[in-house]
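Trainee: I would like to learn how to read a few features here. Please show me the model, then take my questions.

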Amino acid sequence: PTDTSLLLPQVHLRLILVSGKTQDFTFSPNDSATDIAKHVFDNWPAGWEEERVSSPSILRLIFQGRFLHGNVTLGALKLPPGRTTVMHLVARETLPEPNSHGQRNREKTTESNCCMLL
């Protein structure tokens, strides 16, 4: 049997939660944002118990300040091979629409307090 993992370079991701906790994962360039969210949900790190979510469908990846839609693969992002890429992992029901202005922009000021535990 041929080992396909040798053909594809592994992609190293360091995911950061809103709380600042981080965890490193390794994926294939063929993995999509949805695949990553499911993998992280199924292999939730022990130190992240306080941040556990109810469903992988609300986990979102943010790369360079932009939300990744579910079907975007790591390969499509042209990440540097052999380096660890940092992404933020947040829990959010819906993604902002690319062209929605007005009301959505006014809501932005209240979004950041979703996970603050003081």
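Trainee: Is Thr85 buried or exposed?

Mentor: Some ground rules come before that. This is a predicted model, where local features need pLDDT of at least 70, side-chain atom pairs count only at pLDDT 80 or more, and totals for chains, interfaces and linings use all residues. Residues are numbered from 1 along each chain as its sequence is written, and side-chain values use heavy atoms, with hydrogens and water left out. Buried means under 20% relative accessible area, exposed means over 50%, and partly exposed lies in between (1.4 Å probe, protein chains only). Thr85 has a relative accessible area of 6%, so Thr85 is buried.

Trainee: Which residues does Thr85 touch?

Mentor: A contact means heavy atoms within 4.5 Å. Leaving out residues up to four places away in sequence, Thr85 touches His12, Leu13, Arg14, Phe63, Leu79 and Pro80.

Trainee: In which strand is Thr85?

Mentor: Strands (E, at least two residues) and helices (H or I, at least four) are DSSP runs, numbered from the N terminus. Thr85 lies in strand S5, residues 84–91.

Trainee: How many bridges pair S1 and S5?

Mentor: Two strands pair if DSSP finds at least two bridges between them. S1 and S5 have 5 bridges and pair in the parallel sense. Within that pairing, Arg14 has Val86 in S5 as its bridge partner.

Trainee: Which way do S1 and S2 run?

Mentor: Antiparallel, with 6 bridges joining S1 (residues 11–16) to S2 (residues 22–27). Val11 sits opposite Phe27 in S2. The two strands form a hairpin with 5 residues between them. In the turn, Gly20 has a positive phi of about 100°.

Trainee: How many salt bridges are there?

Mentor: Side chains of opposite charge can pair when their charged atoms come close. The rule for a salt bridge is a side-chain nitrogen of Lys or Arg within 4 Å of a carboxyl oxygen of Asp or Glu. That rule gives 4 salt bridges. One of them joins the side chains of Asp24 and Arg14, at 2.7 Å from N to O. This pair links distant parts of the chain, with Asp24 in strand S2 and Arg14 in strand S1, 10 residues apart. Asp24 is partly exposed at 40%, and Arg14 is partly exposed at 33%.

Trainee: Why are Asp42 and Lys38 separated by about one helical turn?

Mentor: Because they are 4 residues apart in helix H1, residues 33–42. Asp42 and Lys38 form a salt bridge, with the closest N and O atoms 2.8 Å apart. Asp42 is partly exposed at 48%, and Lys38 is partly exposed at 45%.
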